[in-house]
Amino acid sequence: MATAGVTELEPPPTDLITLTRHILSQQYALGETATGDLTMLLVAIQVTSKYISSNVRKARLINLVGLAGASNVQGEDQKKLDVLSNDIMVNALRASGKCSVMVSEEVDDTIVVKGSKGTYACVFDPLDGSSNIDAGVNVGTIFGIYKVSEGSERGMKDVLKPGKEMVAAGYTMYGSSCNLVLSTGQGVDGFTLDESLGEFILTHPEIKIPSRGKIYSFNEGNSMHFYPPVISYLESIKYPANGKPYSARYIGSMVADVHRTLLYGGIFGYPDDKKSKDGKLRMLYEAFPMSFLIEQAGGVATTGTQRILDVIPKNIHGRCPVFMGSSEDVEDLKKHYAAYDGEKRW
Ligand code: AHM
Ligand code: MG
């Protein structure tokens, strides 16, 4: 019993759980059916995150800011760090021997690793939000992993699959701290890189998104192009009957905006609109992995009219509208879509 006026501190944790140990324990929990291949792949990804993090932190000092002088399939100018991060991911995944198919935001075609018997396909955005990089704002790596059908010839078919078929997904956020958030379909756990140890340490076990939040995160600069359901939903949270409007927070880096949404709750959205037929965010390596995590944390992710993880991608760089976050907030948004009797695009 504590004495009045005295605060008792619990003893410090003596047993740090590293990401590697965590992944191994999930593998062991599956028993002998687990081959350890996914473990090896995730270990390779965590190494890429440390390497990219180190470059992001030093970018200004080692002349890594600015443009690389080329553009990607989306016609966007690539930054030096986009190109470097892509090379780091591709090389590490190839070297893991476990990944035979890759799709990267920075590479036009599906990458097939010649002769590889790897049983996984990895889709990724090596450095998302890189328009923020020169200002030192948070950026991140997003990834999703599919199982490849063994014995078949590897190719695009291995990744043109709905997000619900992913076996794992995650992101690493390079911010004031470097955080890796991961799900292998058994909930969501968050790790923070301890730079002195060079290890990701479990700091956010079993992340559960609050069922309702107080924050909305949209690029409202696009409002004049938005369709009626989005406009009426935003009006409802900015001018609510109870006189308590939501707060706006928009970083413009999906990883950072979704990370905050996972921890604090609320809704993140990037709708389709009159200018962008399918919205901006890429289905395979942005919308699917983030929707996987949000659902695993108890949230909801929708295009407005359908579950994002059910959408079947038609091409590897395809886009879709995205609304994700606290279940009650996203259900409210869906009601505005359901009530809309105009043309439904998604
Ligand atoms: P990128 O892959 O070219 O970096 O673009 C994706 C980013 C997301 O991180 C973010 O949610 C969105 O673009 C922001 O777009 P906008 O600047 O139109 O608000
Ligand atoms: Mg991106």
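In this predicted model, the crossing of helices α4 and α7 is right-handed. The axes of α4 (residues 228–238) and α7 (residues 327–339) come within 8 Å and cross at roughly 135°, which makes α4 oblique to α7.

**The contact of α4 with α7**

- On the α4 side, the residues that take part are Pro229, Val230, Ser232, Tyr233 and Ser236, and they meet Asp329, Asp332, Leu333, His336 and Tyr337 of α7.
- When these residues are sorted by class, the contact of α4 with α7 has 5 nonpolar, 3 polar and 2 charged residues.

**The contact of α2 with α3**

- Helix α2 (residues 37–58) and helix α3 (residues 80–96) have axes that come within 9 Å and cross at roughly 155°, and because angles over 145 degrees count as roughly antiparallel, α2 is described as roughly antiparallel to α3.
- From α2, the contact draws on Leu41, Ala44, Ile45, Thr48, Tyr51, Ile52, Asn55 and Val56, while α3 contributes Leu81, Leu84, Ser85, Ile88, Met89, Ala92, Leu93 and Ser96.
- By class, the contact of α2 with α3 consists of 12 nonpolar and 4 polar residues, with no charged residues.

**The protein as a whole**

- The protein contains 7 helices and 15 strands, and its radius of gyration is 21 Å, close to the 20 Å that the globule rule gives for 346 residues, so the protein is as compact as a globular protein of that length.
- Taken along the principal axes, the box filled by the C-alpha atoms of the protein is roughly 65 × 55 × 45 Å.
- Of the 346 residues in the protein, 53% are buried.
- If one looks at contacts between residues at least 6 apart in sequence, 65% of them join residues that are at least 24 apart.

**Helix α6 and the glycine after it**

- In helix α6 (residues 283–296), 12 of the 14 residues are buried, so this helix is largely enclosed by the rest of the structure.
- The buried residues of α6 are Met283, Leu284, Tyr285, Glu286, Ala287, Phe288, Pro289, Met290, Ser291, Phe292, Leu293 and Ile294.
- Glycine 298 follows α6 and has a positive phi, near 95°.

**Two exposed loop residues**

- Alanine 135 lies in the loop between β5 (120–128) and β6 (139–147), and its relative accessibility of 62% means that alanine 135 counts as exposed.
- Although alanine 135 and valine 65 are 70 residues apart along the chain, their C-alpha atoms are separated by 9.5 Å.
- Glutamate 206 is placed in the loop between β10 (199–204) and β11 (215–217), and at 61% relative accessibility glutamate 206 counts as exposed, because the cut-off for that class is over 50%.
- The phi of glutamate 206 is near 45°, which is a positive value in a residue other than glycine.

Terms used: Residues are numbered from 1 along each chain as its sequence is written. Chains are lettered from A and ligands numbered from 1 in the order in which they are written. This is a predicted model: local features need pLDDT of at least 70, side-chain atom pairs count only at pLDDT 80 or more; totals for chains, interfaces and linings use all residues. Side-chain values use heavy atoms; hydrogens and water are left out. Axes are lines fitted to C-alpha atoms, for helices over the stretch in contact, and angles run from 0 to 180 degrees between N-to-C directions. Helices (H or I, at least four residues) and strands (E, at least two) are DSSP runs, numbered from the N terminus. Angles under 35 degrees count as roughly parallel, over 145 as roughly antiparallel, 65 to 115 as roughly perpendicular and the rest as oblique. Contact means heavy atoms within 4.5 Å. Ala, Val, Leu, Ile, Met, Phe, Trp, Tyr, Cys and Pro count as nonpolar, Asp, Glu, Lys and Arg as charged, and the others, Gly among them, as polar. The radius of gyration is taken over C-alpha atoms; the globule rule is 2.2 Å times the number of residues to the power 0.38. Buried means under 20% relative accessible area, exposed over 50%, partly exposed in between (1.4 Å probe, protein chains only). A crossing is left-handed if the near helix is turned anticlockwise from the far one by less than a right angle, and right-handed if clockwise.
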